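Please look over the chains before reading on. The text below walks through them and then turns to how they meet.

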Amino acid sequence: MTATPLQADAGRPIRPPRSRLLPLGLVVSAAITWWAASDDFGVGFSLGEIIDNLTRGHRVLREVLSPNWAFFPQTVDPLLETFKMAIIASVIGCGVALPLSFLASKVTTPNSVTYLVDRGVLNVIRALPDLLYALVLVTAIGIGPLAGIIALILFNLAVTAKLLSETIDGVDTGPSEAAWAGGASRTQMIRSSVFPQILPNYIAYVLYVFELNVRASAVIGLVGAGGIGFVLQVQMGFFAYENVAVIVAELFVAVFLIELVSIRLRRRLV
Amino acid sequence: MIEFDKASVTYPGGVQALVDLDLIIEAGQLVVIVGLSGAGKSTLIRAINGLVPLSGGTVRVDGRDVGRASGRELRAIRSRVGMIFQTFNLVKRTSVLNNVLMGRLHATPTWRSMIGWYRRRDIELAMQALERVGIVEKAYVRAANLSGGQQQRVGIARALAQDPKIILADEPVASLDPPTSHVVMRDLQRINHELGMTTVVNLHFLDLAKVYGERIIGMRGGRLVYDGTAHDANEQVFRDIYGRSLTADDVLDSPAA
Amino acid sequence: MARSPSKVVDGQTRPAPPSRFQSKALALLVVALIVWSVVTIDVDLERLIDLPARLGDSIRRMFLPPDWGYTGRAVEGMIESIQIAWIGTLIGAALSLPLGFLGAKNVSAGPVSSIIRQILNGIRAIPELVLAVVIFIPILGLGPFAGTMAIGIHSIGTLGKLTAEVVEGVDPGPVEAARASGASQVQTLRWGVLPQVLPDIVAFWLYRFEINIRAAAILGIVGAGGVGAILQNTLTFRRWELAGTTVIVIIIATIAIDYVSAAVRRRIIEGGAHRQRADVIEQPELAVT
């Protein structure tokens, strides 16, 4: 079929030029991938290596898959400590995040400077992962749950404030207008018309952050910041993988339970 | 009493929403404002409680200059002016009572409003407002579960709870069906007659304007082009205000019924 | 209001306030949990009081001023972490796509999708750190490759779950239409489901990439490559100024990547449209028609 020139039939529209971005994006991604996977510049990705060395992992896997349940009693106290750390950090982190998130949203803060500063600070805090905070804190103030709690609070704060401020950006502004029209102050306006709208999301974020904290506090124990992570690190140090398996199983159950509770709670509130 | 003195509003971008408006509304009057969309109705109403600041001229409410008012003074002025919106502007997630209590915020200290612990006197006022519009049984129902007409009545109750001297209504029935529109307009009329509150209503539908308005103000292109009684407002007058022949869209109830 | 009570509409009774017993009980429980946590946690009061002073001291030593000469080293490490995160996310994305579809209730039969969801949850629950130390470092030895695999496998869990949820939330209309016109199962998925979910899924991939950057930085601590090891070294030897430089490099790189990723995500989801809601509250004239 001969190609029809640009002057198509009377009724047919001309096909709009294809966006250049998508193929460009794909090419760039492919290039980055090739560079990142290479041996010299990158991580040295090789499927062959995995397959060759699978047997080495086999022994470890075998131990992991036969957990030593007798180890369980020794994990109870550290697990409780992890739990308490998560609770305290969630409460303080999400509590402080609430006013900060109002300041980080154009809806509730007209003053550009405050808004930009707040947003900036939150972005910086968010950039460091929790474990790195924990590392610095442990070196600065010593090992134990205190360092862990602070690390978690910083992490929480940033995550929750960002999520919340995005929610706030999307609220219905009608009731706020009504609050202004009735003579309310800015704080009263926020409390009466914005807050009720974001409450279900806020609770969802608190529960989400709590779950993240439980998982995170397990990990930050690795650098000595308290909780079950410390036990994990010790056992990994002994190569006692049957014990490690117990801990991982407990974490799995804990996270699973929290998710269950959190889904139930969220359903009741909405 | 509401006084506009050479009031003008020009939006960024150059649109002149209000041009040299001179208007006095005495206490206790029921005034209906008509005009095309964009003619300045909304701007006029929102200038009264300062939601839209004037670019020139003044507007006074009971002698107080709205444009010059400081934060606290402005809130005091607004507390005496209740407003009802076309889209109701209720907080859907919360109860009817909590919505009406928003009208008592100006009289509630900040710490009380933060934890939602209103004084008993304020709750009483809110309940009375709900009784006045006839839906107190729904006090604890979530606002989202009400029909459009009921939601608007909650909006009216919220305004009444302020114990205002003036009621502003910006197209209060535009989102409602004809029978409900009449119910709401009758409520507004009743409030004006029984409680003596100055009532200013923007209306889109001319038949409603004639039936419920004692004084009709016509706006066109930001200017006041008609100021007279409903009695004198005939079709010719409306055609002048609208600048075109009237269509079926301009009336609420269909003519042949 | 008190002027004319006699005109109040008769026949109305005020309802009783609803009993909030369950909510109150729940609130009490939560408060009790919090109090218990605070009271029983093993933290010295002394340490708490010392805290601001010691922290302030360390921060001062880190950043005033940091040792800029160390920047090269830190950047090298950061680049390696970025590479780890990139490949890891790719692996996670590639493998989670089919798994996510299979885990969706509206694609595979009930028991199959449930099993797959549970597997995904299981993978999710294991922190990358554990995966790295327990599985991949033994197999592949220390170094970035192990880190990459750890991140990749862990990402399958979260991405798979999110993908499955998005697929479950799909509008059944186009799917029905495809099926009605005789398309096979795979074709229906490709043309009826995929176009709807792809933007959201790609957005998840990008978001996961942002998170994986942080995970990759951390993995260095256990020897799986990247800038984490560098940071840990500086802190072990208490070289605060070097640590400061490293932290600054990490922060800048992470923020930059977050920014680009967020911009791309926004483009994908909204197709360039702007949100204007937030302006209305401060410029009420925008609410006027």
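Residues are numbered from 1 along each chain as its sequence is written, and chains are lettered from A and ligands numbered from 1 in the order in which they are written.

The model has an ipTM of 0.87 and a pTM of 0.76. For single residues the score is pLDDT, the predictor's confidence in each residue, from 0 to 100. In chain C the average pLDDT is 81, and 90% of the residues reach at least 70. Within chain C, helix α3 (residues 71–102) has the highest confidence, at 90, and helix α11 (residues 277–280) the lowest, at a mean of 36. Residues 272–289 of chain C have a pLDDT below 50, and this stretch has 29 contacts in the model beyond near neighbours in sequence. At the other end, residues 1–8 of chain C stay under 50 and have nine contacts beyond four places in sequence. Two residues are in contact here if their C-beta atoms, placed from the backbone, lie within 7 Å. Where pLDDT is low, the predicted coordinates should not be read in detail.

Chain A has ten helices and zero strands. Chain C has eleven helices and zero strands. Helices (H or I, at least four residues) and strands (E, at least two) are DSSP runs, numbered from the N terminus. Buried residues account for 48% of the 270 residues in chain A and for 41% of the 289 residues in chain C. A residue is buried if 20 or more other C-beta atoms lie within 10 Å of its own, exposed if 12 or fewer, and partly exposed in between, with C-beta atoms placed from the backbone. Of the contacts between residues at least 6 apart in sequence, 71% in chain A join residues at least 24 apart; for chain C the corresponding value is 72%.

One element of chain C can be followed in detail. Helix α9 (residues 227–236) of chain C is mostly covered, with eight of its ten residues buried. Among them are Val227(C), Ile230(C), Leu231(C) and Leu235(C). Just after α9(C), Arg238(C) has a positive phi of about 55°.

Chain B contains an open sheet of four strands in the order β2-β1-β4-β5, with antiparallel pairing. Its edge strands are β2 (16–25) and β5 (64–65) of chain B, each of which pairs on one side only. Two strands pair if DSSP finds at least two bridges between them. Strands β1 (residues 2–10) and β4 (residues 56–61) of chain B are joined in the antiparallel sense over five bridges, and Ile2(B) stands opposite Val61(B) in β4(B).

Chain B is also divided into domain 1 (1–60 + 75–80 + 164–245) and domain 2 (92–147 + 154–162), with bounds from an automatic or database domain assignment. The centres of these two domains of chain B, taken over C-alpha atoms, are separated by 26 Å. Five residues of domain 1 of chain B are in contact with five residues of domain 2 of chain B. On the side of domain 1 that touches domain 2, two residues are nonpolar, one is polar and two are charged. In these classes, Ala, Val, Leu, Ile, Met, Phe, Trp, Tyr, Cys and Pro count as nonpolar, Asp, Glu, Lys and Arg as charged, and the others, Gly among them, as polar.

How do the chains meet? Between chain A and chain C, the contact takes 58 residues from chain A and 56 residues from chain C. Helix α2 (residues 47–64) of chain A gives the largest share of the chain A side, eight residues. That side has 38 nonpolar, twelve polar and eight charged residues. Between chain A and chain B, 18 residues of chain A are in contact with 22 residues of chain B. The elements giving two or more residues to this side of chain A are α7 (174–181) and α8 of chain A. Its residues divide into seven nonpolar, nine polar and two charged.

The largest nonpolar core has 231 residues, of which Ala134(A), Val100(B) and Ala132(C) touch the most other members. A nonpolar core is a set of buried Ala, Val, Leu, Ile, Met, Phe, Trp, Tyr and Cys residues joined through C-beta atoms within 7 Å. Helix α8 (residues 186–220) of chain A gives the most to this core, with 15 residues. Domain 1 and domain 2 of chain B both give residues to this core, so it lies between them.

Note on methods
This is a predicted model: local features need pLDDT of at least 70, side-chain atom pairs count only at pLDDT 80 or more; totals for chains, interfaces and linings use all residues.
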